[in-house]
Amino acid sequence: MAVAALFSFTTSPNVKKLLGWKQGDEEEKWALRAIEALEKKLRKNKGAVMELENALATQSSDSRCVTIPRSLDGRLQVSHRKALPHVIYCRVWRWPDLQSHHELKAIETCEFGYENKAKDVCINPYHYKRIESAPILPPVLVPRFPMNNGQGWKPIPDPPLPYNQTITPRSTFTAYTPLSPAVNSLGQEVGGIGGIQPHSPHTPGGALSPKASPNSCMSSPHQEYGAFDGNFVQSPGAFPPQSAAFQQPGQSCVFSTAAGTPAGTYANSPSYVQAGSPYNQVEVKPTVNGQQGDYREVQMEQPSTWSSFTYYELNTRVGDPYHAQKYYPDNNYVIIDGYTEPGNNQHRFCLGQLSNVSRNNTVEKTRKHIGRGVKISFEENQVYIECLGDSAVFIQSRNSNKEHGFHPTTVVKIQSGVKFKIFCFKLFREILMEQVHLGFEAVFDLTKHCMIRMSFVKGWGADYHRQDVTSTPCWVEMSINGPLQMLDQCLAFMGSSKNPITSVS
């Protein structure tokens with residue numbers, strides 16, 4: 001449709017001029033209505049329309065802010081469609097394929113950027129830069145009726161005490177061929193390439209770890225494992241690396257340290273889809289390939305609160321949980337430290353300002369050594385922890401242990417200066433893809449993967465006199481909310497456990 005055909009006799013010359021800078025194939029009538037609504041608001045500010053015209057003509061970030069009042073819910077309605085104003089006008093004048101505000105971030109010189117939460121919002125499209133969001137993971141197809149009605153699944157048994165590992169800033173990977181038997185997802189022992197147990201002459205010092213190849217989240221049967229050269233310490237009797245019966249090739253989940261070991265990406269993986277894909281939809285299918293029973297596609301979605309943290313002293317919860325809000329793709333992190341910020345900083349959870357009337361002397365001394373604590377960041381569908389303080393932090397993450405081939409309950413010591421991946425969303429999705437066919441109990445067991453425990457200064461496990469995390473003076477339980485939400489949808493569709501139970505059992 002010709003632009004001139006849209007204009008009425010009452011159309012402002014300013015609107016006609018502004019519409020001339022429209023980009024792409026955005027719906028003409030809607031774009032016209034959006035510009036008309038904006039022009040009416042800008043008339044109230046002398047010179048605002050001229051500033052906008054200058055910004056569009058020069059395409060310069062050095063132009064001034066062009067602002068409109070922020071509404072109560074932050075959105076602007078244009079012809080029965082409501083959206084955030086800076087998203088609307090960035091789409092009209094700069095990026096027609098823009099999907100959401102998560103892809104935008106205001107430049108540093110913009111005083112009224114949307115995320116600044118000022119009473120006015122800048123809609124100058126050249127005061128925003130576009131950020132590529134992480135690829136969207138494909139959905140998981142969940143059967144209502146799993147194979148064998150879920151009766152054959154058994155969890156991997158826990159050892160009497162958790163095993164221990166240590167990672168230092170100098171830790172590196174070297175090739176290692178697995179020779180030990182392992183346990184698959186059914187709790188059954190599967191044969192390795194050989195029968196050598198940990199601490200054999202072939203594995204000096206018992207240093208065991210899977211090789212983090214650039215193409216694998218879970219190593220394939222034919223891939224090698226790796227060991228940390230001289231700086232990766234495994235406790236006596238450590239569990240052998242899990243082998244191939246439960247592992248899939250072709251994904252990237254790479255260990256990273258503060259020294260600069262690069263983390264892997266999934267951009268070239270055929271399993272990934274981009275924003276706007278039909279995989280964003282949740283669909284219920286009555287049958288798939290003629291099989292009996294219903295199936296449902298469940299999509300991984302990130303809630304506004306991407307993680308929650310609960311602080312404990314010994315076995316007592318102290319204070320209220322801290323909820324980490326999801327902001328922009330490069331700004332999702334939480335610092336947990338031992339200082340006393342009262343809560344004004346949205347990126348800090350300060351344990352020093354939490355009181356506990358039953359706190360003992362050991363807890364009091366330990367709290368003074370938390371110091372700068374840790375930084376936990378959510379980056380490209382992965383969660384990392386970085387030890388910022390002088391004292392080590394101890395992590396128990398089943399998802400991370402699965403990636404590195406450790407027993408699920410292994411406690412990993414993270415020394416100062418180390419950045420270590422503690423959760424991989426793609427790995428979780430692939431484990432879930434297998435577990436959904438093993439029944440309700442197998443899926444419910446994955447809630448343990450979504451809960452990560454971390455202890456400050458003091459460790460627990462086979463190498464320490466404290467046997468359980470509830471015996472450590474200061475510790476935090478972290479929940480990864482996106483995967484928990486995904487499990488909730490899967491479990492709700494599957495119904496309940498099919499294992500027999502009676503009222504007197």
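Here is a short tour of the chain, one selection at a time.

This is a predicted model, where local features need pLDDT of at least 70, side-chain atom pairs count only at pLDDT 80 or more, and totals for chains, interfaces and linings use all residues. Numbering starts from 1 along each chain as its sequence is written, and side-chain values use heavy atoms, leaving out hydrogens and water.

**Whole chain.** Start by colouring by secondary structure: the chain has nine helices and 28 strands (DSSP runs, H or I of at least four residues for helices and E of at least two for strands, numbered from the N terminus). Of its 505 residues, 51% count as buried, meaning under 20% relative accessible area with a 1.4 Å probe, protein chains only.

**A helix pair.** Next, select residues 28-42, helix α2, and residues 85-93, helix α4. They pack at an angle of about 125°, with axes 11 Å apart (axes are lines fitted to C-alpha atoms over the stretch in contact, and angles run from 0 to 180 degrees between N-to-C directions). Now show the side chains: W30, A34, I35 and L38 in α2 meet I88, Y89, V92 and W93 in α4. The residues of this contact are eight nonpolar, no polar and no charged (nonpolar here is Ala, Val, Leu, Ile, Met, Phe, Trp, Tyr, Cys and Pro; charged is Asp, Glu, Lys and Arg; the others, Gly among them, are polar).

**The largest core.** Move on to F309, I336, I376, V383, L432, M454 and M478, which have the most contacts inside the largest nonpolar core, of 58 residues (buried Ala, Val, Leu, Ile, Met, Phe, Trp, Tyr and Cys residues joined through side-chain atoms within 4.5 Å). Helix α9, residues 481-494, gives the most to this core, with six residues.

**Another core.** Finish with V15, L32, A34 and A83, which are among the 25 residues of another core, lying apart from the largest one.

How values were computed: Contact means heavy atoms within 4.5 Å. Buried means under 20% relative accessible area, exposed over 50%, partly exposed in between (1.4 Å probe, protein chains only).
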